[in-house]
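Subject: Handover of a structure and notes on chain B

Dear colleague,

Please find below the structure that I am handing over to you. My notes follow it.

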Amino acid sequence: MSLSLTNLRRCLARNKTFTRCISSSSSSNPQNKTTSFGFQTIPENAKESMVKNVFDSVASKYDLMNDAMSMGVHRLWKDQFVGDLKPGRRGPMKCIDVAGGTGDIALRILDFARENYADRETSVEVVDINDQMLKEGYRRFKKTMYHNTSQISFHEANAQSLPVEKFLDNSYDLYTIAFGIRNVTSIPAVLEEAYRVLKPGATFACLEFNRVDNPILGTSV
Amino acid sequence: MRTRLINTAPAYPGHIPLNSFENAFLAVGSAVMSLLDPYRADLIAALGETTAGPALPRLRDIMLASPEGRQILKDRPRINTKTVDINALGQLPEGTWGRTYKTWLERTGVTPDSREPVHYVDDPELAYVMQRYRECHDFYHSICNFSVNVESELAIKYFEFANLGLPLAAISAIGGPLRLNAKKRRTLFSEYVPWALKYGSTSQCLITVYWEKRWEQNVEDLRTELRIRDSPAKWSKKSMATVASAEVANSADSASS
């Protein structure tokens, strides 16, 4: 058990090519590249479909699931995240919220800019690989004042390879990815795309879980 | 915002986290003490850090908006005798920025090593911006061709306030002249301050200049690029003599090497 964990750590440490993996057959076979999926280790090319299955099945109840798993605290994390970024402080921004599915972060960005800076020009493009999650986000936004405005739009795309015609180089002021970067197959590809679409000097913001130092809070259930 | 979290772990080497009461107390204390003893550079540094407030994020945004500033934030270069080869600067041709700076160091007897590290700024990137400002302070003296006597320091503080907007510059500009005699105060306010305010506000924001990459650039070209002209500064005869003897030493060095 500990031997495979060491191997996994060494595999994940090399970004693009894995030379030594858990199975002992030839290392250039893509079947042998592995990645993490929660507490499991799975073949790399299986991750995308496994993630899709998970999100297809929970899309309609995603927010309820978040509330249940974090006892409502996820709202505080997202409030703090957007509060630290202060969108709209230096004028209207063009934002892209990746893996943004149901639009939690997008809504907070637009509300923050509107309430604190009277900004109705900031726009957010919500990008997600899963169309069910995007539908859910579109439905939620119908309850807000941003529906049918140019401030919000939903796009189905893969964060690892955003279409170049729609997501131009050097065009966004803010790129956010909240609780999404763990679901991608290749983090370096996502970072490359983020670097491509962001303007020089713009902001990349990632909200994600991490190890907690406090021993009581840090034990995983 | 950050006031909700009580984090006492240091964010960078030398960081001393303060809560708002400690911050205010240190600000007032260091303001009073540095007025009584202006040679306490560490207190002036503390005053600058505790009163910086929104000025540092504003400077960081200005740096992010310029390609040169972004490079500085990426590289985070430091200026001390270990990172800058002062002797090599002395070998550069007359009229280059590097040579001008070396000459200025000789005339004033200042060393780039005396800068206090930043302690009281919480964010590491903003702490670097403050550190960069402190280490470039001598460059501002040199590029404006001012000496280091009290009225020149105050002139540079007025320049910095107009150019960078740091509250410390304003505090020094207001408190400093109280220590001058009438004649020096007259020179300061009739000649230096109008020049400093005019050129400080119209010149390029100096925090974005990557000075270490411009050593070979002609200093007059650099001044034109930054829009700094016609410095009114006067240098004493004693400092000119220091330059003459230093230049003899420099040419002796290069002749023997």
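What pattern does chain B follow when read along the sequence? The pattern is α-α-α-α-α-α-α-α-α-α-α-α, and chain B has twelve helices and zero strands. Here helices (H or I, at least four residues) and strands (E, at least two) are DSSP runs, numbered from the N terminus.

This is a predicted model, in which local features need pLDDT of at least 70, side-chain atom pairs count only at pLDDT 80 or more, and totals for chains, interfaces and linings use all residues. Residues are numbered from 1 along each chain as its sequence is written, chains are lettered from A and ligands numbered from 1 in the order in which they are written, and side-chain values use heavy atoms, with hydrogens and water left out.

Confidence

The average pLDDT (the predictor's confidence in each residue, from 0 to 100) of chain B is 85, and 88% of its residues score at least 70. For the complex, the predictor gives an ipTM of 0.72 and a pTM of 0.78. Where pLDDT is low, the predicted coordinates should not be read in detail.

Chain B as a whole

Of its 257 residues, 47% count as buried, that is, under 20% relative accessible area, whereas exposed means over 50% and partly exposed lies in between (1.4 Å probe, protein chains only). Among contacts (heavy atoms within 4.5 Å) in chain B with a separation of 6 or more, 73% come from residues 24 or more positions apart.

The annotated site

In an unreviewed UniProt entry, the annotation "binding site" covers H137(B), D138(B), H141(B) and E153(B); positions are given in the numbering used here, feature names are shortened, and annotations may be inferred rather than shown by experiment. These residues spread over 17 residues of sequence but cluster in space, with a largest C-alpha distance of 10.1 Å.

H137(B) lies in helix α7 (residues 124–143) of chain B and counts as buried because its relative accessibility is 7%. Leaving aside neighbours within four places in sequence, the contacts of H137(B) include E153(B) and R115(B).

D138(B) is also found in helix α7 of chain B. Is D138(B) buried or exposed? D138(B) counts as buried, because its relative accessibility is 3%. With neighbours within four places in sequence left aside, D138(B) is in contact with Y101(B), W104(B), V110(B), T111(B), P112(B) and R115(B).

A residue of helix α1

V28(B) belongs to helix α1 (residues 20–36) of chain B and counts as exposed because its relative accessibility is 54%.

Yours sincerely
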